[in-house]
Amino acid sequence: MHKFLRLLSRQDLSPPARYGLPILLVALATLVRLVAPLDVAPFLLYMPVILFVAVAVGPGPGFLGTALSTLFAAGFFARSNGAIGATASVFTMGQAVALLQYVVVGFIMVTVSASLRRAIIENEATLRRLDEANRTLVESRASLLAAKAEAEVARRDAEAAKEAAEGANRAKSAFLANMSHELRTPLSAVIGYSEMLEEQAEDMGEAGMLADLGKVKSNARHLLSLINDVLDLSKIEAAKMESYGEDFDVADFARDAAATVDSLVRRKGNRLVLDLGDGLGPMHSDVVKLRQCLFNLLSNAAKFTENGTITVRVRREASGGVDWVSFAVEDTGIGMAPEQIARLFQRFAQADDSTTRRFGGTGLGLALSRAFSQLLGGDIAVDSIPGQGTTFTLRVPAVLQETVQDASEDANADASGDGEDGALADPTLRPPGVAAADLRLVLVVDDEASQRELLSRFLQRQGFAVRTAADGRSGLDLARALKPHVILLDVMLPEIDGWSVLQALKEDPATALIPVVMVSFVAEAGLSAALGAVDAVPKPVDWVKLRTVMDQFRDGGDVLIVDDDADARGRLRSVLEASGWSVQEAGDGAEALRHVLHTPPHVILLDLTMPVMDGFTFLHRLRETPGCADLPVIVLSARDMSPTERSRLAEADGVLRKGEASLREVAAEVRRLDDRQAGPVAPV
């Protein structure tokens with residue numbers, strides 16, 4: 001029924017057809033009643049016609065059909081009454097009421113049918129809109145499915161490209177790391193030999209040769225610094241860079257950094273201003289990387305500023321429950337535009353080509369500084385105004401979350417070289433009048449023959465006997481067999497890397513007390529100290545630093561003065577050295593204990609009141625140390641001691657009171673105790 005009504009409502013007829021339809025249908029119904037008289041009321045034939053017309057073509061034709069059917073029904077009533085002529089319009093009361101009811105019902109039926117027709121038409125329009133929307137949704141869904149398929153293909157392509165890029169990046173990083181090692185090794189040899197030739201040229205008075213050798217060394221060091229920067233960047237990209245936290249005072253760190261670069265800043269007539277905030281306090285971070293970041297920022301400011309001011313502002317603040325330390329380097333230099341700042345931290349790039357031509361540089365410094373700052377948990381921000389200056393702000397957390405990698409893995413990956421067997425020290429370089437047996441023996445473990453030769457020649461000139469080993473396994477065997485006084489150990493060794501050698505040395509009771517100095521391109525001080533090394537000297541070797549490190553292992557440290565008062569140490573040193581003694585100094589008990597473990601003196605002069613470790617604790621620890629139970633100790637203190645304290649000094653060989661015992665009396669007591677030993681004869 002509903003579909004039939006929908007079909008009728010869709011018919012769009014012209015007005016004549018619409019109004020002709022009820023006339024035709026009413027006429028047909030009347031004809032049926034005349035031809036085949038039915039014993040039914042005429043209204044029963046007309047009402048379906050009226051309903052059909054009202055629904056099919058609208059209320060107007062429906063009302064017309066109602067009127068016509070009423071007239072024909074009245075005619076049928078009159079006919080059935082037999083009324084003729086004047087009496088033809090006379091109806092009975094029932095017929096009159098029936099006609100009136102038919103008219104009312106007809107009008108109501110037409111009105112309801114018209115409403116039904118409008119509802120059907122509106123519903124049909126709504127259905128058409130829904131069908132259109134549904135077709136749109138279907139098309140959209142098909143488009144989305146196609147787009148999803150394309151996106152999936154693009155995602156797979158992107159993942160494949162990412163994997164290829166990561167593989168290429170890993171290959172590039174490995175290539176850079178390997179090539180950097182291969183380049184750094186001969187460059188280190190060039191620097192070392194040029195320094196040795198400088199010493200010989202200076203002895204020969206060849207001033208012109210000195211200048212040329214200085215240029216060779218300077219250019220080699222510059223090239224080496226670039227290689228080191230490239231290696232650091234490749235290690236950061238490969239997530240192989242390590243950080244080692246240590247405690248230091250922020251204010252002292254800033255002062256030291258400013259003092260170091262002050263001469264560089266003044267080259268162009270600039271003035272360096274240090275602005276330290278209140279409450280800077282201590283910091284736990286990788287001081288080496290932090291110092292390099294600050295140096296790079298200060299060097300950059302000095303490069304682009306002339307006759308201006310460079311200000312370093314250091315502040316400490318809390319944010320998000322974390323303490324942050326910021327180092328702001330502000331200059332009054334040439335400044336930068338926003339488009340220049342956008343390129344600032346790109347590798348091998350400066351603000352623009354004109355600055356590269358005018359000021360030089362490789363563009364690695366700032367990129368490396370940002371990478372280091374992010375490794376330390378912070379970042380670098382920049383603010384600049386062209387022609388007015390630039391401010392770089394380095395902001396790092398006060399406490400570093402350390403991420404120490406396995407250094408042996410990198411060392412093994414970088415190690416190369418075929419090496420040679422150990423060799424005895426060159427007797428021609430031995431100090432005159434000194435027998436080989438009297439020299440302190442140093443074992444050099446390095447896989448590079450040139451490095452072994454350089455270190456051997458340097459150490460022999462410093463009065464040491466030298467044996468060498470070309471790999472870690474040979475180094476361990478020689479260390480156990482020779483028991484050298486000191487071991488200089490490279491990290492990048494074949495078969496067994498230096499970190500593993502150091503660990504094996506410290507785990508073996510026979511070699512645990514032998515001092516080990518790491519001498520390598522990757523000789524990180526933090527990791528070296530953690531594994532038991534006494535110091536670390538980076539390659540290319542700074543011979544002044546190495547000489548300072550080796551001085552503590554010389555034979556001839558006859559007297560060790562342990563006192564926190566530098567003036568008191570100086571007075572004792574001058575008197576003892578005038579009497580022919582060699583003297584070493586320590587500012588507290590902990591430092592003295594480390595010194596004794598490396599190079600035991602003949603006699604110790606000990607103060608009692610000191611920071612870090614006082615004299616009582618030092619004396620107790622000393623007597624517990626193997627081989628130091630009989631080492632002579634003279635207590636020299638100005639304090640009034642109680643009986644309990646005197647009993648604690650029973651292990652001392654003598655107690656002298658400062659101010660009462662003269663310096664000559666102290667020297668005499670030192671000589672007496674030294675003569676009592678079965679060791680070397682005291683100097684005269």
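At what angle do the axes of helix α14 and helix α15 cross? Select residues 472-482 for α14 and residues 498-507 for α15: the two axes come within 10 Å and cross at roughly 20°. Before going on, note that this is a predicted model, in which local features need pLDDT of at least 70, side-chain atom pairs count only at pLDDT 80 or more, and totals for chains, interfaces and linings use all residues. Residues are numbered from 1 along each chain as its sequence is written, and side-chain values use heavy atoms, with hydrogens and water left out.

**Stop 1**

Helices (H or I, at least four residues) and strands (E, at least two) are DSSP runs, numbered from the N terminus. Axes are lines fitted to C-alpha atoms, for helices over the stretch in contact, and angles run from 0 to 180 degrees between N-to-C directions. Angles under 35 degrees count as roughly parallel, over 145 as roughly antiparallel, 65 to 115 as roughly perpendicular and the rest as oblique. α14 and α15 are therefore roughly parallel to each other.

The crossing of α14 with α15 is right-handed; the term means that the near helix is turned clockwise from the far one by less than a right angle, and left-handed means anticlockwise. Now show the side of each helix that makes the contact (heavy atoms within 4.5 Å): G472, L476 and A479 belong to α14, and V501, A504 and L505 to α15. These residues divide into five nonpolar, one polar and no charged. Here Ala, Val, Leu, Ile, Met, Phe, Trp, Tyr, Cys and Pro count as nonpolar, Asp, Glu, Lys and Arg as charged, and the others, Gly among them, as polar.

**Stop 2: α13 and α17**

Next select residues 449-461 (α13) and residues 543-551 (α17), which pack at an angle of about 55° with their axes 12 Å apart. That angle makes α13 oblique to α17. α13 passes α17 in a right-handed crossing. On α13, pick out L454, L455, F458 and L459; on α17, their partners in the contact are W543, L546, R547 and M550. By class, this contact has seven nonpolar residues, no polar ones and one charged.

**Stop 3: an aromatic cluster**

Which residues form one aromatic cluster with F253? Select F248 and F327, which complete the cluster. Rings of Phe, Tyr and Trp (its six-membered ring) pair if their centres lie within 6.5 Å; planes under 30 degrees apart count as stacked, over 60 as edge-to-face and the rest as tilted. The structure holds four aromatic pairs. F248 and F253 make a tilted pair, at 5.3 Å centre to centre and 50° between the planes. The rings of F253 and F327 have centres 5.8 Å apart and planes at 75°, so this pair is edge-to-face. The pair links distant parts of the chain, with F253 in helix α7 (residues 250-266) and F327 in strand β5 (residues 322-331), 74 residues apart.

Buried means under 20% relative accessible area, exposed over 50%, and partly exposed in between (1.4 Å probe, protein chains only). F248 counts as buried at 13% relative accessibility, and F253 counts as buried at 6%. F327 is buried too.

**Stop 4**

Finish at L64 in helix α4 (residues 59-81). Is L64 buried or partly exposed? At 29% relative accessibility, L64 counts as partly exposed. Leaving out residues up to four places away in sequence, L64 touches Y19, P22 and I23.
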